[in-house]
Structure formats: C-alpha cells, structure tokens
Amino acid sequence: MQSRRDFLQKLTASAAALSFTSYAAAAAPSVLRESQPYDGPVLRVAIMGLGGYGSRVAEAMQSSKMAKLVGVISGTPSKIKDWQAKYNIPEKNCYNYDNFDQIKNNADIDAVYVITPNALHRDQVIRVAKAGKHAITEKPMGLNAKECQDMIDACKKANVKLLVGYRLHFEPFTLEVVRMRKDGELGKVNFFQGLSGFKIGDPSQWRLNKQLAGGGSMMDIGIYAINGSRYMLGEDPIWVTAQETKTDPQKFKEGVDETITFQLGFPSGAVASCLSSYNINFLDRFFLSGDKGFAELSPATGYGPLKGRTNKGEINQPVVTHQTVQMDEMAAIILQNKKPVIPVDGEEGMKDLKIIDAIYESIKTGKQIALKL
C-alpha cells in the first residue's frame, strides 16, 4: 500500500543535500537564523489524530524551539499510551474525541493541531475554538468553502487564531522562488504549471471514501498545485476551467476523483495549467515562466529535500525539516503576531476551497467558472 505520505517521502529521499549560501540564509525563515539558544515563550501544542502524519509532526517538533508537544487527542487508547511513554506526556493532557472539550480547563495547552480525515476538520476546529484554544488544521481546511467560513467565524468569536498546515509556506526553496518573482528576476510572469500525482494504493483507505475525504486526488494533492499557483504568481485567480478523467470507476467511486486537469486565469493575464491524479506516478513539479527567466521546483511539495533550478542554474537553499520550521513559525504567528511571507490563516485556506468548489462545478457544467476570492 502506498499512501500520499509514503509517496512524498520516497519521491524526494534520493535528492542530494544542498549547501548553504549567503543568499540562502537571507531567504530562510527567521527562526532558522537564530544563532543563540531561544529563551522566549513556547507554544504548547496537543496533536489530535495520532496517525502517520501526526507522528511525523510530533517527531519534527522535538527539534522546534518555539513549539512543544504537550498533549494528545485520539480515539485509540493504545496510541495514547505509546505517545505518553515516547514523549513524556502527562495523563492530564490526554483526551479522546468525546471529552477533548475539557481542554478548556487545561491551562497547560495553548493550541491543538487537528490532523484527522478531512470531513472531521470543521467540527473539531469549532470545538477547539469553543474551548478557547488556538487551532491549527491540516489541509484541506474543510470539505468546502462554507465549512471554512464556519471555522473562521468560530475562531474569531472565541478570539483564537486559526492556521492551516501549509508547511511549504516556510520552506526555503519555495521562499527563494517567491523572492525571485517579487524582485523581478523573472520579469513579467506569464505561466505556472503545477503537477501533483501518484498511484494510490489500498482502495479501502479513508482518502478514497467520499464521506471522509470529500473527494479524491484534488482534495489530497491537487490542493498543492492550487495553492502553489497562487503564491508563486503572487495573485489570486479570477476564473477556472476543469476536466475529469476516470479510468477505474471501481476504485474511484462516485464523487472520488481520479485525475483532474484544471486551468486558472489571473488578473495580470497569467495562466496556470495544473494536474492532480491518483493514477499517475512521479508528478511533483512546479514551473514558473516569465519574460526574463524561469524557475522550477522538482520535487516541489515532498517532505524534502526539494530541488530547484532557474535559467541561471541550480537553486541552492538550506535543507530543513519542514514540520520543525512550520511549527516554530506558527508559534511566532500565534505568540508574537508575526506576519509570514505567505499567509497560513483561515482566509488563505478558504480561498483554496473556493477554487476546489469551482473546479467541481466546472467539471459538472463544462463551463468556465468566475472566481471571487
């Protein structure tokens, strides 16, 4: 069985470690540049959902300076016991899905990172907000834009922050390409291509269950190309067209997309051509073309190391553990109101779901759909 997590890890495992350069240090997140031990406030985090990615985040957080794993929320008692032993988590910071509302009485937990199937995000984030804790949720933020708005409203009402797990928004190769575009090194950018795909395994997994996933490849990995088009081009699209191809209706049931191609138009005149698939291997590439040059990341979204090149040569950036940097930077956003280069708030997450909603509408109607983000 191959999951997205396995795919992303294996796809990038063979890439060579890349060296630091002077301009690389300038592009790296600020947390990475601290040469002296950190002696400030720490975000105390409980992870909800102790599966494969939850475990990856927990391991990465052991190296974080500003974020600390202090609690767990799971429906599996044996997992809770294992995590308690591994990460020295006290019993009072352990909850299940029925009683985690009681974190409102726990002053030792500041935030909850929701890492559960997509369909659970909305209700769980709203419950976290009502308990007075900051919420971080994995992407996609919800099943549709309406769910995202509900989550945003609940967090605003509770006066807590809502962040989405866009780890690439803090990743050095990604930030370097964004810097190049902002500084005009590529000239007027006219085109973006985003390719995200692999052959998914076990047909019984939750990612192929519409009730839990909300869709198929688009909700899982197509969102990388959607989000990438927006931060790479530095603007939001104003229209979308999309087409679906399904070759295995037994594996990909009604409402679970196999392969979708989609096109986006932007106010500047730039266009994006993207593909999302659960049935095509080795697709993990972003390409940005401008009047003066190009930039390519391939792999573009794996866990690292990423690899990039431009018309001037190879991109050299520091290799980091994405989730370690993500959690440090998110702690700075929550504790210090830091403004990231690329937003990771609820409004950012909702924009991607508005586009996904429109993609599904375009497939259904065969029409170009206007976007208002």
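I looked up helix 6 (residues 145-158) and noted 14 residues, with 20 Å from the first C-alpha to the last, close to the 20 Å expected at 1.5 Å a residue. I record that the model is predicted.

I then checked the ends of helix 6. N144 caps the N-terminal end, with a side-chain oxygen 3.2 Å from the backbone nitrogen of K146. After the helix comes N159, whose phi is positive, near 60°.

Next I asked which residues of helix 6 are buried. I found A145, E147, C148, D150, M151, I152, A154 and C155. Their cover includes helix 5 (121-130), strand 5 (134-137), strand 6 (162-164) and helix 11 (346-365).

I turned to the aromatic rings and counted six aromatic pairs. I list W83 and Y87 as edge-to-face, because their ring centres are 5.4 Å apart and their planes stand at 65°. Both residues belong to helix 4 (residues 77-87) and are four residues apart, about one turn of the helix. I noted W83 as buried at 8% relative accessible area, and Y87 as buried at 11%.

F252 sits in the loop between strand 8 (239-245) and strand 9 (259-265), and Y278 in the loop between strand 10 (271-277) and strand 11 (283-290), so the pair ties together parts 26 residues apart in sequence. F252 is buried, at 1% relative accessible area, and Y278 is buried as well, at 0%. I also noted that ring pairs link F198, F252 and Y278 into a cluster.

Notes: Residues are numbered from 1 along each chain as its sequence is written. This is a predicted model: local features need pLDDT of at least 70, side-chain atom pairs count only at pLDDT 80 or more; totals for chains, interfaces and linings use all residues. Side-chain values use heavy atoms; hydrogens and water are left out. Helices (H or I, at least four residues) and strands (E, at least two) are DSSP runs, numbered from the N terminus. The expected span of a helix is 1.5 Å times one less than its number of residues. Buried means under 20% relative accessible area, exposed over 50%, partly exposed in between (1.4 Å probe, protein chains only). Contact means heavy atoms within 4.5 Å. A polar contact is a pair of N or O atoms within 3.5 Å; within protein, one must be able to donate a hydrogen and the other to accept it, and residues adjacent in sequence count only if both atoms are side-chain atoms. Rings of Phe, Tyr and Trp (its six-membered ring) pair if their centres lie within 6.5 Å; planes under 30 degrees apart count as stacked, over 60 as edge-to-face and the rest as tilted.
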